[in-house]
Amino acid sequence: MTNTDYQSDTIKDVTPEPLGARRIVVLISGSGSNLQALIDAQSHDRLGGGEIVAVISNVADAYGLKRAHEAGIEAVALPHREYDSREAYDGALIKVIERHEPDLIVLAGFMRILTPRFVQRFLGRMLNIHPSLLPDYQGLNTHARALADGVASHGCSVHFVTEELDGGPVVLQAELLLNADDTAETLQEKVRSREHLIYPIAVQWFMEGRLQFSAEGAKMDGHLLPEHGMRLSHADAAEELDEDLDEKLDEESQG
């Protein structure tokens, strides 16, 4: 429905005022490639009306801060080594974040284990992306662990942040079928491209009010999502990314 055909049962001939941009704060620790994907989506009006108002890094020289500065976004360095404890750091981080009054906090390569106080303060409005098909391979070194186990598929997951490490309700995943010659390095590159694809989509859904956190789990348009959330297949992700499927199709036909 557009503004031109809006109707109300109680107020006639009144066009509702558009909502102001909803505010996003992004937390990073490194290069900020997922941050860049979000900045690019915002520049094409694909964040559901959301606006990245600040980028905060716990590493002073993180390249992602430069990305933010070049995009005209406030870039804040808050080095964790300047604080005596994890609790003290998270207390300071809460203050910096709340100064920007965010509707959503996006963890984009933020390499910190968050304290319960921090998680509870922003519960239900904090998203993270993880390089595996959760609940498989929580924690670090996901690509090497997947290769060691000889799995057929791998990928990435967007999930709400809870006190359980990489254990919050999953929203959206993108699948990757492994090749015989894949290494941890090639998997990292392929999975990262899928992260850049699905993270802006999940943020857009949240900004549009379609995606919500509940005690039962993640909900989309009011419906409870399954444990793995929604999943983009290897073929669909490859098509969106213009990847060559011929090699994978040949392998499958010979298998």
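Visitor: Where is Asn141 found, and what is there to notice about its phi?

Guide: Asn141 is found in the loop between β5 and α5, where helices (H or I, at least four residues) and strands (E, at least two) are DSSP runs numbered from the N terminus. Asn141 has a positive phi of about 55 degrees, although this residue is not a glycine. This is a predicted model, in which local features need pLDDT of at least 70, side-chain atom pairs count only at pLDDT 80 or more, and totals for chains, interfaces and linings use all residues. Residues are numbered from 1 along each chain as its sequence is written, and side-chain values use heavy atoms, with hydrogens and water left out.

Visitor: Is Asn141 buried or exposed?

Guide: Buried means under 20% relative accessible area and exposed over 50%, with partly exposed in between (1.4 Å probe, protein chains only). Asn141 has a relative accessible area of 60% and is therefore exposed.

Visitor: Which peptide bond in the model is cis?

Guide: The bond that joins Leu134 and Pro135 is cis, with omega about 15 degrees, and Pro135 is found in the loop between β5 (126-130) and α5 (142-149), the loop that also holds Asn141.

Visitor: What is the phi of Asp45, and where does Asp45 lie?

Guide: Asp45 has a phi near 55 degrees, a positive value in a residue other than glycine. Asp45 belongs to the loop between α1 and β2 (50-57), and because its relative accessibility is 70%, Asp45 counts as exposed.

Visitor: How should I read the packing of two helices, and at what angle do α1 and α2 pack?

Guide: Two packed helices are described by the angle between their axes and the distance between the axes. The axes are lines fitted to C-alpha atoms, for helices over the stretch in contact, and angles run from 0 to 180 degrees between N-to-C directions. Helix α1 (residues 33-43) and helix α2 (residues 63-70) pack at about 15 degrees, with their axes 9 Å apart, and α1 and α2 are therefore roughly parallel to each other. Ser33, Leu35, Gln36 and Ile39 of α1 make the contact with Gly64, Arg67 and Ala68 of α2, contact meaning heavy atoms within 4.5 Å.

Visitor: What angle does α1 make with α6?

Guide: With helix α6 (residues 184-207), α1 packs at an angle of about 50 degrees, the axes being 9 Å apart, which makes α1 oblique to α6. Angles under 35 degrees count as roughly parallel, over 145 as roughly antiparallel, 65 to 115 as roughly perpendicular and the rest as oblique. On the α1 side the contact is made by Ser33, Asn34, Ala37, Leu38 and Ala41, and on the α6 side by Arg192, Glu195, His196, Tyr199, Pro200 and Val203.

Visitor: Which residues does Val26 touch?

Guide: Val26 lies in strand β1 (residues 22-28) and is buried, because its relative accessible area is 0%. Leaving aside residues up to four places away in sequence, Val26 touches Leu35, Leu38, Ile52, Ala54, Val55, Ile56, Val106 and Ala108. Val26 and Met126 are 100 residues apart in sequence, while their C-alpha atoms are 9.7 Å apart in space.

Visitor: How many helices and strands are there in the protein chain, and what percentage of its residues count as buried?

Guide: The protein chain has 8 helices and 11 strands, and 45% of its 255 residues count as buried. Among contacts in the protein chain with a separation of 6 or more, 65% come from residues 24 or more positions apart.
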